[in-house]
Amino acid sequence: MKRGATGEYEITAMGGEAVRAFVPAPLPPDPPLELLGERQRLLERALLACGRLDGVTALLPDPDLFLYAYVRREAVLSSQIEGTQSSLSDLLLFELDEAPGVPLDDVVEVSNYVAALEHGMARLREDFPLSNRLLREVHEKLLVRGRGADKQPGEFRRSQNWIGGTRPGNAQFVPPPPQLVEDCMASLERAIHAADDGLPALVKAALAHAQFETIHPFLDGNGRVGRLLISLMLFDAGVLGQPLLYLSYYFKQHRAEYYRLLDTVRAEGDWESWLDFFLEGVASTAGAAVDTAHRLLALFRDDAARVQTLGRAAANALRVFDALRDRPLATLNDLTERTGASYPTVSRAVDALENLGIVREITGRKRERVFAYARYLAILNEGTEPL
Ligand SMILES: Nc1ncnc2c1ncn2[C@@H]1O[C@H](COP(=O)(O)OP(=O)(O)OP(=O)(O)O)[C@@H](O)[C@H]1O
């Protein structure tokens, strides 16, 4: 539905030019969203897909089994949208304190993203409200180290920013002036918590993400915090018991469309087209995450069966195998620590897993070798190549 502009322009002067900064009207949309017919079916499909994804974790021996890997895969993808070049292996190596040749700024950013998500989740688990305070904390974690450290981590901006173009005067879009950011964000916070709007959680997450991007409350990291906001909202609303649904890959694949639809919300009040795009993304992303989970479970089952054929060596090899299933890159020291087995035992077990073709040494070095659960990593890497 075309409602016309969903806010007002504040005209200010900057550098001798008139700048039209957009101040969005509070949510929810007015007139109300059209949620019947095809859109209702799309919403049901998206919700069903989330339910399936949630169900996968309920079946696992360890509910956190996929969390470590999925969170890191998402961190790589979300940071790639922002321009970092790190791969999943770079990140995992960095976390092992062994990152030869990895561009450090890039991997620090990805690692910050993991910390930001984990912080947000931990706070929600301790019943801290999903609030602007929490978003600022998440932002602080995201930018505290690396390139963003001078971009006011943890604080709403105090200067005018813009999107596209070289200055506000020729920008694609100018978000609200700094003195209105607090008000706009307070209003978004109220909308997120409104219990009387009758809107399903997925719809609220879609609205909140677009509104957040329009406000662009931080100097940097608005895309990443806005994507984290979706995960946090879906967890908070109980749609997903684990933060396993990440839309970064979908946004990355459809970036031009994604940006265009954010523009159409603002300029034409067409929330429905954005919502359709968002729900499509949720349905396809959740479906893909379920497929990946099933493929990984099948891989783990097949490989565990092959390890069982090792006879007397099987028990120790299985311990090491389980550790690699939790984290697909490891050094011998790391595996010794995590399995509690002795170094020689771990070393023999890794040899056996290498002979079975399950594990591969990836550095080519004689010392400080790093072993990868290669097929597991390959599945996680799908789609993380820069587009
Ligand atoms: N025309 C637009 N209107 C509103 N928001 C937009 C528009 N174009 C882009 N955006 C949002 O701005 C984000 C980029 O903002 P910013 O550079 O502060 O975030 P980032 O996290 O550093 O980068 P990225 O999102 O590219 O990873 C995009 O991800 C998108 O969500």
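1. In what order do the 3 strands of the open sheet lie? The order is S3-S5-S4, and the pairing is antiparallel. Strands here are DSSP runs of E with at least two residues, helices are runs of H or I with at least four, and both are numbered from the N terminus. Two strands pair if DSSP finds at least two bridges between them.

2. A quick word on the source: this is a predicted model, where local features need pLDDT of at least 70, side-chain atom pairs count only at pLDDT 80 or more, and totals for chains, interfaces and linings use all residues. Residues are numbered from 1 along each chain as its sequence is written.

3. S3 (329-330) and S4 (359-361) are the edge strands, each pairing on one side only. S3 is joined to S5 (residues 371-373) by 2 bridges, and Leu329 has Ala372 in S5 as its bridge partner.

4. Now look at the ligand. The shell around the ligand has 16 residues, and Glu82, Glu213, Asn222, Gly223 and Arg224 come nearest. Helices H7 (201-215), H8 (222-236) and H10 (255-268) each supply at least two shell residues, with H8 giving the most, 4 residues.

5. Finally, the domains: the chain is divided into domain 1 (7-292) and domain 2 (310-381), with bounds from an automatic or database domain assignment. Their centres, taken over C-alpha atoms, are 36 Å apart. The contact takes 10 residues from domain 1 and 12 residues from domain 2, where contact means C-beta atoms, placed from the backbone, within 7 Å. On the domain 1 side, H3 (88-95) and H2 (67-81) each supply at least two residues, and H3 has the largest share, 4 residues.

Note on methods. A residue is near a molecule or strand if its C-beta atom, placed from the backbone, lies within 6 Å of it. Two residues are in contact if their C-beta atoms, placed from the backbone, lie within 7 Å.
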